[in-house]
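Here is a briefing on a two-chain model. Please read it with the structure open.

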Amino acid sequence: MDAASFASSRRRALLIAALLAVAAACLPLVVKDVYVLNILVLTLMYAALSQSWNILGGYCGQISLGHALYFGLGAYTTTLLFTKLGVVPWFGMVAGGAISATIALALGYPTFRLRGHYFAIATIVIAESAYLLFLNWDWAGAALGINVPVRADSWLLFQFRRSKLPFFYFALGLACVTWLVTWAFENSKWGYWWRAVKDNPEAAESLGVVVFHSKMAAAAVSAFFTAVGGAFYAQFVSYIDPESVMSFQFSLLMALPAVLGGIGTLWGPALGAAILIPLTELTRSYVGGGGKGIDLIVYGVLIMAIALARPEGLVGLFERRKRIETAR
Amino acid sequence: MTAETIIQSLASGLLMGLLYGLIAVGLALIFGLMDVVNFAHGEFLMAAMYATLGFATFALLDPLIAAPLVAFAMFGFGALAYLGVVRFAMRARTNVGMVQIFATFGLAIVMRGLAQLLLTPDYRSIPSSWLGGKTLAVAGIFLPEPQLAGALISVAAFAGLYLLIHHTDFGRALEATREDAGAVALVGIDKNRVFALGWGLGAALVGLAGAVMAIFFYIYPDVGASFALIAYVTVALGGFGSVFGAFAGGMIVGLVEATTALVLPPSLKSLGIYAVYLLVVFIRPRGLFGSL
């Protein structure tokens with residue numbers, strides 16, 4: 001792709017994203033059902049989380065299966081600051097992001113020397129260690145978790161018991177911000193460095209790419225936004241415990257939309273979340289969750305089918321059509 | 001803490017560690033053969049435990065008698081998992097690693113769902129068996145007999161695996177395929193057949209482990225998840241692809257777990273395993289015995 005058509009495709013992506021965001025913002029005018037709105041909030045949240053995961057896992061190619069750590073740190077920082085010190089969640093959100101980014105840098109220092117499965121297992125093991133520590137940390141609620149105390153509905157305390165609408169708009173905003181950050185990085189020095197590190201670290205190094213710093217930058221950005229998502233989730237469900245914000249399955253749930261939608265692509269995470277989250281929520285309520293197992297079977301078959309039929313991700317469906325068009 | 005308690009817990013840790021090695025070796029074998037990490041490995045263990053329960057309930061077979069039958073059934077199941085799912089994941093041209101992870105992860109979720117649907121999420125156990133609940137006293141140290149049997153079966157299985165890999169045609173085909181899957185086709189070895197047999201063998205080994213585990217552990221649809229992580233750490237600790245690294249890795253994991261349980265509350269006993277894993281790979285990024 002030459003420079004001019006690359007620039008025009010970036011402008012087109014921005015336009016499409018703006019149109020989609022406006023369309024999504026109008027959805028609550030039509031959708032009044034609380035249950036459907038709840039699914040929409042979760043879909044947008046996973047789009048944002050997966051977009052954040054995609055920066056490190058997709059663009060930079062460092063497959064982290066321990067992002068539940070950052071999600072949980074965001075949720076716990078916000079909630080602990082609010083319940084113990086009365087600090088507003090907005091500050092906790094930023095503080096959680098900063099703490100997560102700092103921890104990501106500290107952990108990156110030894111782990112980024114590892115490759116492939118050794119790296120992935122190290123991320124799992126670190127997140128699981130934090131999970132075990134939080135399970136046994138009495139001051140932070142241990143296994144019982146923490147309830148966010150109920151106050152009056154307000155934007156200042158980011159609490160809304162009566163309407164889900166404010167949560168919807170925040171989740172939409174977060175999804176847009178993570179998308180925009182990815183979009184901006186795609187055409188920056190870091191974006192090119194990350195892809196070089198992913199494709200061939202030795203060649204990148206020999207061409208002057210600072211591989212280690214590239215990975216560190218990707219990890220910090222990725223951890224920051226994952227923690228913001230965690231802080232949002234804590235306010236949204238107003239109850240957290242280690243199982244619900246830091247367990248291993250969360251790490252997989254964050255990676256899954258990006259992988260199925262198209263790993264290392266701009267649209268993959270949002271597309272994957274838009275398909276995966278409503279489908280799982282709907283199967284759960286229609287064929288019945290609660291230990292019957294049919295929802296798991298549907299979910300598993302879906303994952304297998306997409307992984308096997310579209311290894312490049314669902315964005316491949318759109319790209320193929322484009323390629324045929326240009327061929328004409 | 002007396003010397004006796006320390007020896008006691010090290011002894012049970014070593015027995016459990018040998019069993020961890022047996023759980024993990026199938027994972028190491030499959031990875032060594034074709035660079036695929038089977039994310040459904042824990043669910044293979046779960047299936048083997050349910051199969052043992054089935055033999056015990058309907059055919060009144062003791063788990064020790066059922067073990068070879070379970071291993072045989074799991075052999076077929078493993079080969080089918082390769083032919084039905086993994087073979088297609090190998091065809092991916094882009095993103096090979098992630099496709100394999102999520103294809104086998106999808107399989108794991110389906111197996112868990114099927115177990116919940118057909119067998120309910122209830123915790124079950126085998127009410128009585130030859131070894132269940134018995135201990136053997138050796139010089140004042142009490143060894144639980146099921147774990148002792150598991151350790152012996154593990155050692156025997158590793159010995160058998162050694163002979164198989166180094167002294168049979170199948171073992172040579174296995175070695176050759178892992179060296180260069182493309183070149184073996186030229187000398188008339190069917191790559192797919194070797195891979196399917198490799199998956200069968202890996203599943204049969206975890207089947208043996210599952211039969212022993214069913215004697216003393218609860219059986220439920222999610223049982224595999226907790227052991228799967230230990231198995232991954234075991235394999236990585238030994239070095240991916242090294243079958244006998246899994247043996248050493250298993251023993252280390254068992255001993256470290258027992259030692260951690262002496263100094264930390266039992267709910268934190270996995271922390272020691274995780275710390276040792278990180279320590280080892282920070283010093284040796286390819287695990288203890290990993291090549292490449």
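Ser238(A) counts as partly exposed because 16 other C-beta atoms lie within 10 Å; the class falls between buried (20 or more other C-beta atoms within 10 Å) and exposed (12 or fewer), with C-beta atoms placed from the backbone. This is a predicted model, in which local features need pLDDT of at least 70, side-chain atom pairs count only at pLDDT 80 or more, and totals for chains, interfaces and linings use all residues. Residues are numbered from 1 along each chain as its sequence is written, while chains are lettered from A and ligands numbered from 1 in the order in which they are written.

**Positive phi in chain A**

- Ser238(A) is not a glycine, yet has a positive phi of about 55 degrees.
- Ser238(A) sits in the loop between helix H9 (211-237) and strand S2 (239-240) of chain A. Helices (H or I, at least four residues) and strands (E, at least two) are DSSP runs, numbered from the N terminus.
- Ala142(A), also not a glycine, has a positive phi of about 45 degrees.
- The loop between H5 and strand S1 (146-147) of chain A holds Ala142(A).
- Ala142(A) is partly exposed because it has 15 C-beta neighbours inside 10 Å.

**Confidence**

- The complex has an ipTM of 0.89 and a pTM of 0.91 from the predictor.
- Chain B has an average pLDDT of 90, and 99% of the residues score at least 70. pLDDT is the predictor's confidence in each residue, from 0 to 100.
- Within chain B, helix H7 (residues 181-186) is lowest at a mean of 80, and helix H2 (residues 41-58) is highest at 96.

**Chain A against chain B**

- Chain A gives 33 residues to the contact and chain B gives 38 residues. Two residues are in contact if their C-beta atoms, placed from the backbone, lie within 7 Å.
- On the chain A side, helix H5 (116-135), helix H11 (248-262) and helix H13 (294-309) each supply at least two residues.
- That side of chain A has 22 nonpolar, six polar and five charged residues. Ala, Val, Leu, Ile, Met, Phe, Trp, Tyr, Cys and Pro count as nonpolar, Asp, Glu, Lys and Arg as charged, and the others, Gly among them, as polar.
- Ile303(A) lies in helix H13 of chain A. Ile303(A) counts as buried because it has 25 C-beta neighbours inside 10 Å.
- Beyond its neighbours within four places in sequence, Ile303(A) is in contact with Leu260(A), Phe102(B), Phe105(B), Gly106(B) and Ile109(B).

- The 15 residues of helix H11 (residues 269-283) of chain B should span 21 Å at 1.5 Å a residue, and the end C-alpha atoms are 23 Å apart, which agrees. The expected span is 1.5 Å times one less than the number of residues.
- The buried residues of H11(B) include Leu271(B), Ile273(B), Tyr277(B) and Val281(B).
- The buried residues of H11(B) pack against H5 of chain A, as well as helix H9 (223-238) and helix H10 (243-263) of chain B.
- Setting aside neighbours within four places in sequence, Tyr277(B) is in contact with Val125(A), Val233(B), Ala236(B) and Leu237(B).
- H10(B) is largely enclosed by the rest of the structure, because 15 of its 21 residues are buried.

**Hairpin in chain B**

- Strand S1 (residues 135-138) and strand S2 (residues 141-144) of chain B pair in the antiparallel sense over four bridges. Strands pair if DSSP finds at least two bridges between them.
- Val138(B) stands opposite Ile141(B) in S2(B).
- Two residues lie between the strands of this hairpin, and Ala139(B) takes a positive phi near 50 degrees.
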